[in-house]
Amino acid sequence: MDYVKRRRQAAVAGHEGDEATARALVNDPDPAVRATALGALARAGTLVAVDVERALADADAGVRRRACEEAVALADVDLVPSLADADPAVAEAAAWALGERGAGAVPAVDALVAVAREHDDALCREAAVAALGAIGDRRGLDTVLAAASGDRPAVRRRAVVALAAFEGPKVEAALRAALNDRDWQVRQAAEDLL
């Protein structure tokens with residue numbers, strides 16, 4: 001059976017709650033099949049931490065990215081190491097997933113701060129800033145403030161939106177400054193929050 005048929009089989013297994021088929025395909029030689037099978041286990045409600053942890057160690061970045069996405073509901077899966085993945089798409093997915101965990105991701109704040117301040121990839125910085133806003137821990141505030149004034153437009157927009165999670169004079173000042181940003185979407189986000 002070629003990989004397209006196996007991938008389709010994995011997808012159908014998820015919709016039908018067929019854990020046995022999905023589990024058999026999670027170790028398929030083709031990474032697209034493995035990623036689909038992982039999603040099938042999640043859809044069937046049978047995904048467990050060990051499945052995600054195994055996928056986070058997969059040689060294929062697509063499988064690791066899917067593992068990050070599916071790990072949102074599995075709080076015992078540590079996504080912090082994935083923030084340092086060599087593939088930016090995996091690091092971005094890990095930051096997104098941590099943000100989706102919200103207050104449950106407080107232990108990841110320091111790692112997210114590092115990504116938001118230092119990552120070479122703007123999408124990773126943007127996802128980390130968004131996650132810091134979703135988590136709302138004060139330790140992330142200075143990083144969100146810095147991103148709101150000193151990064152690319154997409155990151156600045158995300159940072160302004162993330163400021164909604166915080167209060168205080170520094171936040172108010174940053175939002176007022178964003179009203180004069182050269183990017184109209186940054187200005188609009190600040191206006192909406194004020």
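**A loop residue and its surroundings**

Guide: Leaving aside neighbours within four places in sequence, leucine 47 is in contact with Leu38, Leu41, Ala42, Val52, Glu70 and Leu74. Please bear in mind that this is a predicted model.

Visitor: Where does leucine 47 lie, and is leucine 47 buried or exposed?

Guide: Leucine 47 lies in the loop between α3 and α4 (49-56). Its relative accessibility is 12%, so leucine 47 counts as buried, the cut-off being under 20%. The C-alpha atoms of leucine 47 and proline 81 are separated by 20 Å, the two residues being 34 apart along the chain.

Visitor: How many helices and strands does the chain have?

Guide: The chain has twelve helices and zero strands. Of its 194 residues, 48% count as buried. The C-alpha atoms fill a box of roughly 60 × 30 × 30 Å along the principal axes. Among contacts with a separation of 6 or more, residues 24 or more positions apart account for 55%.

Visitor: How is the packing of two helices to be read?

Guide: Two packed helices are described by the angle between their axes and the distance between the axes. Here, helix α1 (residues 3-16) and helix α3 (residues 31-44) pack at an angle of about 10°, with axes 7 Å apart. Angles under 35 degrees count as roughly parallel, and therefore α1 is roughly parallel to α3.

Visitor: Which residues make the contact between α1 and α3?

Guide: From α1 come Tyr3, Arg6, Arg7, Ala10, Ala11, Gly14 and His15, and from α3 come Ala32, Val33, Thr36, Ala37, Ala40, Arg43 and Ala44. By class, this contact has eight nonpolar, three polar and three charged residues.

Visitor: At what angle do α8 and α10 pack?

Guide: The angle between α8 and helix α10 (residues 153-162) is about 5°, and their axes are 8 Å apart. That makes α8 roughly parallel to α10. The contact involves Ala122, Arg125, Glu126, Val129, Ala130 and Gly133 of α8, together with Ala154, Val155, Arg158, Ala159 and Ala162 of α10. By class, seven of these residues are nonpolar, one is polar and three are charged.

Visitor: Which residues of the largest nonpolar core touch the most other members?

Guide: Of the 65 residues in that core, Leu112 and Leu163 touch the most other members. Helix α8 (residues 122-135) gives the most to this core, with eight residues. Beyond its neighbours within four places in sequence, leucine 163 is in contact with Leu141, Val144, Leu145, Ala148, Val171, Ala174 and Leu175.

Visitor: Which residues of helix α9 are buried, and what covers them?

Guide: In helix α9 (residues 141-150), the buried residues are Leu141, Thr143, Val144, Leu145, Ala147 and Ala148. Their cover includes α7 (109-118), α8, α10 and α11 (169-178).

Visitor: Are cysteine 68 and cysteine 124 buried or exposed?

Guide: Cysteine 68 is buried, with a relative accessible area of 0%. Cysteine 124 also counts as buried, at 0% relative accessibility.

Visitor: Where is serine 82 placed, and which residues does serine 82 touch?

Guide: Serine 82 is in the loop between α5 (61-70) and α6 (88-101). Not counting residues up to four places away in sequence, serine 82 touches Leu56, Cys68, Val90, Ala91 and Ala94. With a relative accessible area of 8%, serine 82 is buried.

Notes: Residues numbered from 1 in each chain as written. Predicted model: local features only at pLDDT ≥ 70, side-chain atom pairs only at ≥ 80, totals over all residues. Heavy atoms only, no water. Core = buried A, V, L, I, M, F, W, Y, C linked by side-chain atoms within 4.5 Å. Buried < 20%, exposed > 50% of the residue type's maximum accessible area, 1.4 Å probe, protein only. Helix = DSSP H or I, 4+ residues; strand = E, 2+ residues; numbered from the N terminus. Contact = heavy atoms within 4.5 Å. Axes fitted to C-alpha atoms, helices over the stretch in contact; angles between N-to-C directions. Parallel < 35°, antiparallel > 145°, perpendicular 65-115°, else oblique. Nonpolar A, V, L, I, M, F, W, Y, C, P; charged D, E, K, R; others polar.
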